[in-house]
Amino acid sequence: MLVLGIETSCDESSAALLRDGEVLLSNVVASQVDLHSEYGGVVPEVAARAHLEAIVPVLEEALRVAAERPDLVAVTVGPGLVGSLIVGISVAKGLAWSWDVPMVGVNHVEAHAFAPALEGRLPEYPFLALVVSGGHTLLAEISGIDDIEILGQTLDDALGEAYDKVAKYLDLGYPGGPIIDRLAAVGNPRAVEFPRAMISSGDLNFSLSGLKTAVIRYMMKAGAQAPGIEDIAASFQAAALEVIVRKTIKAAEERGLRDVVLGGGVACNTALRASLADACEAEGLSLVYPSPVLCTDNAAMIAALGYRRFQAGYRSGLRQDVFPNQGTGEPIAGTGKIG
Ligand code: KG4
Ligand code: ZN
């Protein structure tokens, strides 16, 4: 079975072809980073228009390797920016209609947790997923394709958002995550003791906006006395990641889960990968994370989850709407099981 995946929820236009849920034939990603970097963040209107220009060339390139017509179109219906989502779903509907094949809508955040399937490394159910991206930061217990329970999540900023905002304040460039990652690698994580928000809260939630404020306040106060930017980056990162790693282990223990999946754009982060791997090893847990191109936004993960949802009987009609605030583990209105 050949699945075409389409992803346009934020600032990446992407299309991918996946055979039988695991053989990736193509995964084309057109990033809009250059367009948004002058603003230091994604501008929704600019993003939607850029998808409109990019999506057809991206699809053409992804479909070039196809010897036959796809059997299914899988598309992100949320969460994300409404104008961006509309571009993807409109194209998906047009293709499903003209090819006369089914379409299935997919939750973008859930898809991040299924990305290891593309490398044959998805654990058996139930497993714990830590999804850390620019828009979301959550822990979920995944017991099946439609049995997903949020265990904890950020109460304010997402982890990637915290990286991006701190980098913007420090004038480092956009997106800030990869830049802080590189700087932190040569900095001293103990140079400044930033707060570990909610580390002893007893629940599995996070709060990351105070950390950004703490970094800004510290820099204003320290002025010329502040340590080098590498040390600030490493200290910020150490504070953020300590809470994330601690709560991930706590979630696994509380739920008796042995397998952990790390996904989302921030799953590219060197320090997060290393510290979570160490913590999991110490607790006898197995950890998988996808290759970097499958961590950041891509249509391959949409195809991987769409394929599984299709196999489970899910279909979307050609009147399918998009949902900017679609919740993880929640049913998608307009997408249901047939029969
Ligand atoms: O999953 P993603 O591509 O898009 C969303 O769904 O949001 O995640 C993008 C986020 C951005 O905030 C970016 O700064 C962050 O992932 N990111 C990183 C790294 N690479 C990307 N954060 C920290 N370290 C990295 N190496
Ligand atoms: Zn994402």
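**View 1. The second largest pocket holds about 230 Å³ of space.** The model shown here is predicted: local features need pLDDT of at least 70 and side-chain atom pairs count only at pLDDT 80 or more, while totals for chains, interfaces and linings use all residues. Residues are numbered from 1 along each chain as its sequence is written. A pocket is an open set of points on a 1 Å grid over the protein atoms alone, where a 1.4 Å probe fits, with protein on both sides within 12 Å along at least five of seven lines; lining residues have an atom within 4 Å of a point. Of the 14 residues lining this pocket, Gln237, Ala238, Leu241, Ala271 and Ser275 are the closest to its centre. Helix H8 (229-255) gives the most to this lining, six residues. Helices are DSSP runs of H or I with at least four residues, and strands are E runs of at least two, numbered from the N terminus.

**View 2. The largest pocket holds about 1,200 Å³ of space.** Its lining has 45 residues, and Cys10, Ser133, Gly134, Gly135 and Asp164 are the closest to its centre. Helix H5 (159-169) supplies the largest share of this lining, six residues.

**View 3. Five strands form an open sheet in the order E8-E7-E6-E9-E10.** Its pairing is mixed; two strands pair if DSSP finds at least two bridges between them. Look for the edge strands, E8 (147-153) and E10 (286-288), which each pair on one side only.

**View 4. Strands E9 (residues 259-263) and E10 run parallel.** Three bridges join them, and Asp259 has Ser286 in E10 as its bridge partner.

How values were computed: Chains lettered and ligands numbered in written order. Heavy atoms only, no water. Points joined across faces, edges and corners; volume = space filled by probe spheres on them.
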